[in-house]
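Here is a short tour to follow with the model open beside you.

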Amino acid sequence: MTATYYTRRSFPGFKLKALSATMLFSLGALSSQAQMAADEEPMLEEVVVKGIRASMESASELKRNASTVVDAITAEDVGKFPDPNVAEALQRVTGVQISRDRGGEGRWVSIRGLSSQYNMTLLNGRTLATDNAGRDFSFDVMPSEAISGAEVYKTSMASLPEGSIGGLVNLTTAKPLDNPGLRASGSAGAFYDGATEDWTGQYSGVLSNTFLDDTVGASVGVSYYKRNWQADTFESFTSSTEAVDANGDGLKEEAVDGRGIFPGIISYQKKFGERERLGFTGALQFRPSDNFETTLDAFYSNYKTPESSYSYNVNFYSNDGWDRFENYELEPYNGDEVDRWLISSFDLTNIPLEIGTDTKAREAETYMVGWNSIWNVRDDLELTFDIAYSEADRPINGTEYYTVAGVNGGNFSFEATPEVPTVTCVLDDGRNCLDVTNDEIGLHFMEPKGESVNDKALSVRFDGDYRLDSVDFVESIEFGLTYSGREKDKVNWRPDNACAYCGFGDTLGEVGVDAVVPFPGEYEYDSGFDSWPALDPIQLFQAARLHRGDEFFRSNILAQPELRSSSVIEEDVSGGYVQANFAGDRWSGNVGGRWVHTETLSMGHSQQLLELQEIPDSTNWNAEFTEVVPVSESNSYDNFLPSANFTYDLSEEYLIRAAASRSITRPTISQLGPDVNWEVNSPPPRVNRNGNPELEPFVADSLDLSLEWYGGGGSSAAVALFYKDIGGLITSEQFGDEFQVRVVDEDGNASDEDLDFEVTAPVNGDSARVFGSELAYQYLFDNGFGVMANFTWVDSEAELTVDGEKIDTELSGVSEYTYNLAGIYERGPISSRLAWSYRDAFTACNTCAPGGRPTTTKEFGSLDFSASYEITDNLSVYLEGQNLLEEDNHTYSQDVRITQYYEAYSRRFELGVRASF
C-alpha cells in the first residue's frame with residue numbers, strides 16, 4: 001500500500017472563481033489522454049497488504065519515506081482496519097490520546113497533549129463536515145471498514161492544509177486501481193456488550209474490479225453496525241463551600257474554623273440506548289495512461305444514537321439546605337488556608353426527592369463527494385485538481401426531553417466515599433423515599449430541548465509540482481492555490497419557561513396518568529440503593545397538559561427556537577503556498593511558506609437595551625428591551641505560515657529529522673456567534689457576550705527533532721523531542737464599557753445617561769507552552785512474534801485568565817505520560833495481538849472546582865485482544881475484545897471522594913467470519 005498524502009497529489013486546490021476554467025482543463029486533459037490509451041501499455045502494479053505484520057511494515061515504510069514527522073496505520077487487508085473503532089486504533093499511535101463517549105467508545109482524538117479542538121481531521125485530504133457545533137471531528141460516525149489508512153502529521157509543511165497546531169489526521173479510502181482485478185471481501189459478526197449482555201449484528205462488504213486492461217476501476221463498500229449499550233454513572237453537577245464549626249464551639253467562624261466543601265447537586269444515572277451506523281464508500285477511477293488519472297469518490301454515514309437516562313437526583317441547595325447541615329463530620333481537605341475541610345458526611349431534612357429522565361436523539365448524517373485529477377503535462381510538470389463537497393446534518397428540533405419530578409419532604413443522609421457516594425432517604429412517615437407511588441409523584445422541571453446542526457464544507461485545490469533536474473540540490477518546486485468555504489448553522493431549541501410546573505405540586509395521581517416504567521436492571525454501585533422509580537417523559541408531558549390546559553402548556557413548555565443562542569457562521573478561506581524540495585547524497589528537506597486569508601460572517605439574533613427604570617429603595621432596575629432582531633458581524637485576517645523540514649541519513653539504518661514551523665488553529669465555530677445577554681438586576685449592570693465574531697486563530701511556533709532507526713522487515717525505533725509556543729488562546733475577559741441608556745427615575749422623569757457596564761466576552765489573550773518527548777519501538781521476529789511499544793511524556797505551562805487575573809497553571813486535557821504495549825503472533829493460519837494502552841491522569845478543567853480549583857481525571861488503561869484463524873486462503877474466523885479489565889472513568893476535584901463523574905466501562909467482544917477472493 002503506497003502513501004499519496006505526503007506529496008502534492010493529496011492536496012490539490014484552487015480559488016473558487018477559477019473553478020470553471022480548471023474543470024475545462026481537466027476535461028481537456030481527459031480527452032487527450034484517452035486517445036493515447038490504446039497505444040500505450042498500462043502500468044500494472046500489485047501491492048498487497050495482508051495481516052498485522054504487513055500492516056506494521058507498511059506503516060514503518062511510510063514513516064521512513066515521509067518528508068516530515070508522521071506516524072501511520074494501514075489496513076491489514078481490504079475492508080479490515082486493525083480496530084473496530086478508528087479512534088481506538090489511533091490511540092496506539094505514539095503521542096495520540098483519545099477521549100471516550102458514554103459506554104466507553106472512543107470519539108475524540110488528542111495529539112501530543114492538545115485536545116481535539118487544536119487538531120484537524122481530513123478524509124482523503126479534504127475537510128469533512130461534522131455534526132458537532134464546533135470543528136472537532138466525531139470519529140464515531142466513521143466506519144472502520146471504510147478506511148484503508150490513517151496518517152497522523154505532527155509537524156507541518158507548506159503543502160499541508162493549515163488549521164491544526166496539535167496535529168493533522170488524514171483518513172484515506174482505497175482506490176480500485178491500487179489493487180487491480182476482481183476483488184471482494186466481507187465479514188459477518190456478532191457484537192457482545194458486557195453491560196447489556198446482548199448480541200447484535202455487524203456486517204460489511206467491499207467489492208472492486210478493474211476493466212479495459214486495468215485502466216478503469218470501480219469499488220463499493222457497505223457496512224452496518226449495531227450495539228445495545230448501558231452505563232451506570234454518577235455525576236456531581238456543582239459543588240460549594242460553607243462556613244463550618246470545626247472546633248466544636250457551636251459557632252461557624254470562617255476566619256477561625258474555615259470552610260467545608262460539599263456537593264451541591266448529585267445525580268445517580270442509569271443510561272442506555274442503541275448505536276446503529278450504516279456506512280457507504282465508493283470510487284470510480286480512470287487511468288488511461290501513465291500521464292493522467294482521475295477519480296470520483298464518495299463517502300456516506302448515517303449514525304443513530306437514541307439514548308435514555310433515568311436519574312435519582314438530590315439538590316442539597318433546596319430550601320436553603322446549606323444552612324441546615326446536621327451531624328456533619330469534617331476531614332482535612334487539600335484546599336487552601338480557608339477552604340480546608342471536606343464535609344465527609346451530613347444529615348439534611350426537608351429536601352425534595354428528585355427523579356429525572358433525560359433523552360438524547362442524535363442522528364448524524366454525513367457525506368462527502370470528491371473529484372481528483374492528476375495530469376503529468378510533461379516529464380517535469382505535474383498538475384493536480386481536487387474539489388470536494390461535504391455535509392453533515394443533525395436535525396433534533398426540540399425532540400430531546402429533560403424532566404424532573406418527585407416528592408417534597410425527603411430526609412437525607414450523605415456519606416462521601418471514593419468514586420460514588422452513599423445516600424439514604426426516608427420520608428416523614430418513615431417510608432423509604434424510593435417507595436413512593438405514582439399517585440404521589442409531582443411535576444417539577446420540564447424541558448424539551450435540542451441543538452440542530454447543519455454543516456456544509458466545500459474545498460477546492462489546484463496544485464503543481466515542477467521538477468528541476470538541472471538545478472543542483474533542488475529537486476522540485478511545489479505550488480498551489482486553495483479555497484474552502486464553510487457554513488455552519490446551529491439552532492438551539494428551548495421552552496419559554498421550563499419551570500412553569502416547579503414545586504412538585506401537580507401530582508400524576510390527580511389527573512390519572514401513570515408515568516412509572518420498569519427500571520432497566522440494577523444500579524451496580526454501592527450507593528445505598530439499586531433502583532428507583534423510572535418515569536416516562538411523554539407521560540409526564542401528558543400529565544402537564546391535563547393539569548393546566550393545552551394553552552398554558554404550549555405557551556410555557558413546548559420547545560421553540562432560541563434565536564439569541566443560535567447562529568449561522570460563514571467562513572471563506574483562500575490562499576496559496578510555495579515549497580522548495582531539496583536533496584543531496586545523504587540528506588533531503590523542504591522550505592516553504594503558506595499564506596491564507598480568512599473571512600468570516602457571523603449571523604445571529606440579539607436585542608438592545610432601551611430603558612432602565614429605577615426601583616424604589618433598591619440599586620436595581622426594571623429593564624425594557626427591543627424585540628429580538630437579526631444581527632451580523634464580519635471579520636477578516638491574514639496568516640503567513642513558514643515551515644522547514646530537514647532529514648539526514650546517518651547510515652542506511654539511521655536518520656535524523658528536524659522541523660520548524662508556524663501553524664494556526666481557528667476558533668471553534670460555536671465561539672463566533674454574535675449573541676448578547678444583558679444582566680441589569682444586580683449592580684453593576686453587565687453585558688455577557690457568549691461569542692465573539694472578532695476572534696482570531698491560536699498561533700503556534702513549533703520545533704521538532706527526532707532520531708530514527710529502521711532495521712528492515714518492519715522493525716524500527718525512534719526518539720523525538722518537540723516544543724510548541726502557543727499564543728492567542730481564547731479566554732473570558734472582563735472590562736468596562738460605557739452605554740448610553742434612557743433612565744427613568746422613581747418620579748417618572750426620563751433622561752439619556754451614559755452608564756458604566758461590566759462587559760464579559762471571549763477574547764484572544766492567553767498563552768501556553770508544550771514540551772515533550774516520544775519513544776517508539778517495534779520489532780518483528782522471524783518466528784512470527786513481534787512487539788510494539790511507545791511512550792510519550794508531555795509537560796505544559798499555561799498563563800490563563802481567571803476572574804480577570806492571570807494565573808500560571810497547565811493546559812487542560814494533557815496527560816503527562818501515555819504509553820502503548822502490544823505483542824503479536826502471526827504465523828501460518830494464526831494471527832493474534834494483545835495490546836495495552838495507558839493514559840496518565842490529567843487536568844480535566846483548570847477552574848471548574850469550588851474556588852476556581854482544577855478537576856482531575858484519573859489514569860485509564862485498556863487491554864484489548866484480537867485473533868483470527870484462516871480456515872482456507874479465502875475464509876477466516878476472528879475474535880476481538882476491548883477493555884478486558886473493565887477500566888473506569890473517574891473525574892474528581894483534588895480528593896477522590898469529591899467525584900465529578902464516574903462510569904465503569906464494560907467489556908465488548910466481537911465474533912465473526914471474514915471471506916475474500
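How many cavities of 30 Å³ or more are there? The count comes to eight cavities. A cavity here is a set of points, on a 1 Å grid over the protein atoms alone, where a 1.4 Å probe fits but cannot get out, and its lining residues have an atom within 4 Å of a point. Grid points are joined across faces, edges and corners, and a volume is the space filled by probe spheres set on the points.

This is a predicted model, in which local features need pLDDT of at least 70, side-chain atom pairs count only at pLDDT 80 or more, and totals for chains, interfaces and linings use all residues. Residues are numbered from 1 along each chain as its sequence is written, and side-chain values use heavy atoms, with hydrogens and water left out.

**Confidence**

The pLDDT (the predictor's confidence in each residue, from 0 to 100) averages 87 over the chain, and 92% of the residues score at least 70. Over residues 1–49 the pLDDT is below 50, yet this stretch has 126 contacts (heavy atoms within 4.5 Å) beyond near neighbours in sequence. Where pLDDT is low, the predicted coordinates should not be read in detail.

The largest cavity has a volume of about 620 Å³. Its lining has 38 residues, and Met120, Leu122, Thr127, Glu162 and Arg486 are the closest to its centre. Among the elements that give two or more residues to this lining are strand E4 (120–123), strand E18 (442–467) and strand E19 (474–494). Helices (H or I, at least four residues) and strands (E, at least two) are DSSP runs, numbered from the N terminus.

The second largest cavity has a volume of about 530 Å³. It is lined by 29 residues, with Met56, Ala59, Ala72, Gln778 and Met788 nearest its centre. Helix H2 gives the most to this lining, with six residues.

**An open sheet**

Strand E1 (70–74) also gives two or more residues to the lining of the second largest cavity. E1 belongs to an open sheet of five strands in the order E1-E6-E7-E4-E5, with mixed pairing; two strands pair if DSSP finds at least two bridges between them. Because E1 and E5 stand at the edges with a single partner strand each, one side of each has no neighbour in the sheet. E1 pairs with strand E6 (residues 149–153) in the antiparallel sense over five bridges, and aspartate 71 stands opposite valine 152 in E6.

**Single residues**

Buried means under 20% relative accessible area, exposed over 50%, and partly exposed in between (1.4 Å probe, protein chains only). Not counting residues up to four places away in sequence, isoleucine 726 touches several residues, including Leu114, Ile165 and Phe698.

Most residues other than glycine have a negative phi. Asparagine 350, however, has a positive phi near 55°, and this residue is partly exposed at 40%. Glutamate 419 also has a positive phi, of about 75°, and lies in the loop between strand E16 (400–415) and strand E17 (422–426).

Note on methods:
On a 1 Å grid over the protein atoms alone, a cavity is a set of points where a 1.4 Å probe fits but cannot get out, and a pocket is an open set with protein on both sides within 12 Å along at least five of seven lines; lining residues have an atom within 4 Å of a point.
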